[in-house]
Amino acid sequence: MTHMSADAYPSSGTSPRGRTPVDPVVQMTGITIRFPGVTALDDVDFRLFPGEVHALLGENGAGKSTLIKALTGVYATDSGTIWVGGAEHAFTGPAAAQDAGVSTVYQEVNLCTNLSVAENMLLGREPRRLGRIDHRGMNRRASEVLGRLGLDISPRSRLGDHPIAVQQLVAIGRAVDIEARVLVLDEPTASLDSEEVAKLFEVVRSLRSQGVAILFVSHFLEQVFAISDRMTVLRNGRIVGEHLTRDVTRLELVEEMLGRELEVLERLHREPSRQPDERRTPVLRARGLGRKGSLAPTDLDVYDGEVIGIAGLLGSGRTELARLLFGADASDSGSVEVRGRRVALRSPRRAVDHKIGFSSENRRSEGVIGDLTVAENMMLGLQAARGWLRPVPPRTRDQLVIKHLEMLDIRPANPDALMRNLSGGNQQKVLLARWLIMQPDVLLLDEPTRGIDVGAKAQIQQVVDDLAYEGMGIVFISAELEEVLRLSDRLVVMRDRHKVDEIPNTGVTTDDLMAIIAREEESARA
Amino acid sequence: MRDLARHRLFWPVLALVLLLAVNVAATPSFLQIRMQDGHLYGSLVDIARNGAPVLLVALGMTLVIATRGIDLSVGAIAAIAGAVACVHLAGSPAPASTGTAITAVTLALAVCVLLGLWNGFLVSVLGIQPIIATLVLMTAGRGLAMLVTGGQITTVNNSFFRGLGAGYLLTLPIAVLIAMAVFAVTALVTRRTALGMLVESVGVNPEASRLAGVRSRTILWTVYVFSAFCAGLAGLMIAANTSAADANNAGLWIELDAILAVVIGGTSLAGGRFSLAGTLVGALFIQTLSTTIPTIGIPAETNYLFKAVVVIAVCLLQSPKARAAVWRRRRDRSALVRAGRA
Amino acid sequence: MSTVTRPEIATRSLADRVKGYSPPSQLLPVLATFALLVGMFGVGAVRYEGFASPQVVLNLFVDNAFLIVLAVGMTFVILTGGIDLSVGSVVALSTMIAAATLRAGWPPALAILAVLLTGTALGLAMGLVIHYFEVQPFIATLAGMFLARGLCYLISVKSIPIRDETFQSISAASITLPGELYVTPTVLIALAVVLAAAWVLHLTRFGRSVYAVGGSEASAVLMGLSVARVKVGVYAISGFCSSLGGLLFSLYMLSGYSLHAVGMELDAIAAVVIGGTLLTGGYGLVIGSLLGVLVLGTIQTFISFDGTLSSWWTRISIGALLLVFVVLQRFFNRREIS
């Protein structure tokens, strides 16, 4: 399964840009981290060399953030060793990792917006005089670092008054002042525009030339190719590839990240691809639907009885599109029509009234009500729609619950089991049942099969197919291309917050899809 | 037996039983209930009657806490309710008539509903943290009550009104009957309609509830209004019991007793699953505690000390961290034992 | 998570920034409180004779010295995003301990030490429970509140007068200022506490960490700051301030009584909030809390000068001010977040 590219490093090889032999500054071997129910990292080996920018790639749940958190001391490892700068470490916390020279800049800037820029850079090791903080000295030192980063801001100004990009650079400034040997950048560009990204990259390059090892996590392939020297790809908690950037193509990367489904699911015997009848009114139509910073204006038509598959990498806008269609986030451009009538989707509540359903990719935080029973979780949507004064009659309720327990093969088939005690797959089925009970016209499914076992996956796919057959319009989002291809009638491809292609699913292969996803275009960033 | 120990009411009920046992040990006649002039008398009846206001307030508080909220203003609202009713009674041309009493009670409860709407507005529309939003009324409320009474302890003489707090019906104190009726109605409404489930879902996972289409704003508003209504009823009871409205002291610290009752009853301050039966046990426990302390020869006022101990104990029992610490120690020890055997 | 209000600030040159100078945003709420105070005095001066005399201003300090000290401690706690409901009860307990130990013949210094140690220990204990067992500050300090009141009653149910000579002489002492003005020693103690708190909050790592924890506890952890010390420390400080406030209060009342300072925690919280400290933590200045106490004191002075206004207007106006500031904070917060 792990296929290393031909020139992956020997254990003590040449530096990434091919100069002198050099020892890795970080060496992680055999790292395994388990959480209840999942193995987040499975026997992972990872190395980082001084003076390189190393990209870490992978989809949701691949283990990127777990790996970073192991390196930065946030998580303890179940097994494996971490060497930093030639010494073995068992970090007890972020402070310990920082002392060893590993600094991290997170996507959600982990600084205090209520403090000054200088304090954010230096608090914890501020210069002192006579037992008190030497604010003047601190501001001077911060100024120097800011100058090195090319940032023209006052160290006295409040961090929260600056845009995210500047905050990001200040966070790097904090790391630089620590004189970090290793700088971890966790999706630092997710909320930056291209100018800001260019600025960030300038700083990263200058740090690299000073010999800092930089671990760069991003799901923007253009950026990864623009800045990194080497890359490691994770999938399902394992390393699936390690490459020199110059030797790898976009397509190879996308293949590794998304993977080819190895389990042989019994091929669903399904009708030939249904073609939408363009003369009919679509049940759901979006025109120019967008939101600044998360989705460029996008058109989409969903017809009764079809499955639209949305393919794209993490951060491509696939989830954002579904959330806008459901009113979970407010759009700031475009319009939505339901059966030809223009509607304002100001809240999920409104979307439900228009018979739209949405199952979030974040099952745990945005779907499951853990302390309630399976039956209550199933009935929640219908009950919310009816209002609290009109309870679903117990008989109807029992019938609906039993019916869906059986139909979806939910285990344990006990309506009174607590939701939090169910496995991920069964929780997902309950959430699916929540929407089925409401009999929506359109169902938006965001990664409904992520992180669940093969059997449940096949069952959910079968249900989706049946629903479309019975006339429901379905938007199916998944990182697994096979699954998208198997289920969809039409395919929409997203990249960099844009819809880049829409094709009927006739004779399309995963290779075709990957090629579209990986295609380098004028939209290139940085 | 194991299942019994796991039942969520097991610990609260056990604590209550132990407390009653202490009382019986101190005064063997404790459990006696005798009939006199067609009324039931006895310590147990007293506990039930004196505990009625706390129980009422705690019922409203239970629902508020289940939504991850808190209502600090209930004591102030209770004082306002008593003030409004008594001032209306005292100022009416027929201060002793039943009709006036009914108007006074209705008026007082209507004011409380308005105050509940106000709290609900701050919490659900403006999105202010519940503890802060209700702090406003907690601070201003007793001032408002004094404004209503003109700073006097307003006394009234109305037998119907007095009955609410001190009267008997069918041998039982009316206060107890009212509290039990509200308890029954609350239980019925929360469990027979979908209110209970929606309250819990908002409390457990607000975001998931929103995405399932739950109108959390309406739910929040409902629970704060209900809490204010219950507080008002409790305030009327307190005022009726003494036939006077004391804006300064009526319902003083009742919010804390109510919160305590809810917590003892097993409803977590983090929101979610609530237990009205637990709250009932909790309220009885608190009232029994207040009765027990003088019985066993400790100054009555020190009951605060015991309440503090109970709060700390319950919090530590509910704190995952504290439980984990105990559990880990036990596990380490068992590991040691195993190692020793090997 | 703003992605909307972007680049203009970053690209602004230094010259632009100097031209567009406005007072630092952290000072704005304090300035608002100060303006409120001045405005109230203006109205008072117009309406009532003798309101705007310097001694009236000084009396604000004299009559509220204990509350100033309480508000300072509360400021520390609220800056971390916590709350301390126990302060009123700890004040009562402090008066009780002082009165009881003095009656038992302890030397005043020892009595004072006992009071301060008890208060600090109580605060420390609450802080430990809050931080290490992750009990909500509200409920942990509620327990502290009950505990302190209970201990009061354990000492005595009745009021105990303080007849100690040292206490009596301090209580009677006054410091004359030029112009036939005077203040009491308690005022000096309160102001010293304010200065010390300002020093700690602005010039020590502990103080800046208090702000960091209030701004974002998770960030403070990731920045490697000692969050445990801060979170436990602020409750210990609040406990210390409460007991010191209790000593000042016992000088003011010359008695110890279990029913002293009922509801005083509300006054302290209100003063801190009116002084511009954000209840969610991270923003606020100790000088603001001082001003907040003075605002509360002015309301009282107003009412006593008026004579026709009844005492309950104090509570109502405090509640109204609290409401205004809480709602303003909410919108300030919303702007920050959205």
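Two residues are taken to be in contact if their C-beta atoms, placed from the backbone, lie within 7 Å. By that criterion, 77% of the contacts in chain B between residues at least 6 apart in sequence join residues at least 24 apart. In chain C, residues 24 or more positions apart account for 78% of the contacts with a separation of 6 or more. The model is predicted, and the values below are computed from it.

**Chain architecture**

Chain B contains 15 helices and six strands. Its radius of gyration is 22 Å, close to the 20 Å that the globule rule gives for 342 residues, so chain B is as compact as a globular protein of that length. Chain C contains 15 helices and four strands.

| Chain | Box of C-alpha atoms | Buried residues |
|---|---|---|
| Chain B | roughly 90 × 55 × 35 Å | 54% of 342 residues |
| Chain C | roughly 70 × 55 × 35 Å | 52% of 338 residues |

**Contact between chains B and C**

The contact draws 38 residues from chain C and 32 residues from chain B. On the side of chain C that touches chain B, the helices α7 (137-155), α13 (264-274) and α15 (312-337) each supply at least two residues. The largest share of that side, 13 residues, comes from α15(C). Sorted by class, the side of chain C that touches chain B comprises 27 nonpolar, seven polar and four charged residues.

**Helix α4 of chain C**

Helix α4 of chain C spans residues 54-79 and has 26 residues. The C-alpha atoms at its ends are only 32 Å apart, whereas a straight helix would reach 38 Å at 1.5 Å a residue. Within α4(C) there is a kink of about 70 degrees, centred on Asn64(C). Just after α4(C), Gly81(C) adopts a positive phi of about 90 degrees.

Note on methods
Residues are numbered from 1 along each chain as its sequence is written. Chains are lettered from A and ligands numbered from 1 in the order in which they are written. This is a predicted model: local features need pLDDT of at least 70, side-chain atom pairs count only at pLDDT 80 or more; totals for chains, interfaces and linings use all residues. The expected span of a helix is 1.5 Å times one less than its number of residues. The bend at a residue is the angle between axes fitted to the seven residues ending there and the seven starting there. A residue is buried if 20 or more other C-beta atoms lie within 10 Å of its own, exposed if 12 or fewer, and partly exposed in between; C-beta atoms are placed from the backbone. Ala, Val, Leu, Ile, Met, Phe, Trp, Tyr, Cys and Pro count as nonpolar, Asp, Glu, Lys and Arg as charged, and the others, Gly among them, as polar. The radius of gyration is taken over C-alpha atoms; the globule rule is 2.2 Å times the number of residues to the power 0.38.
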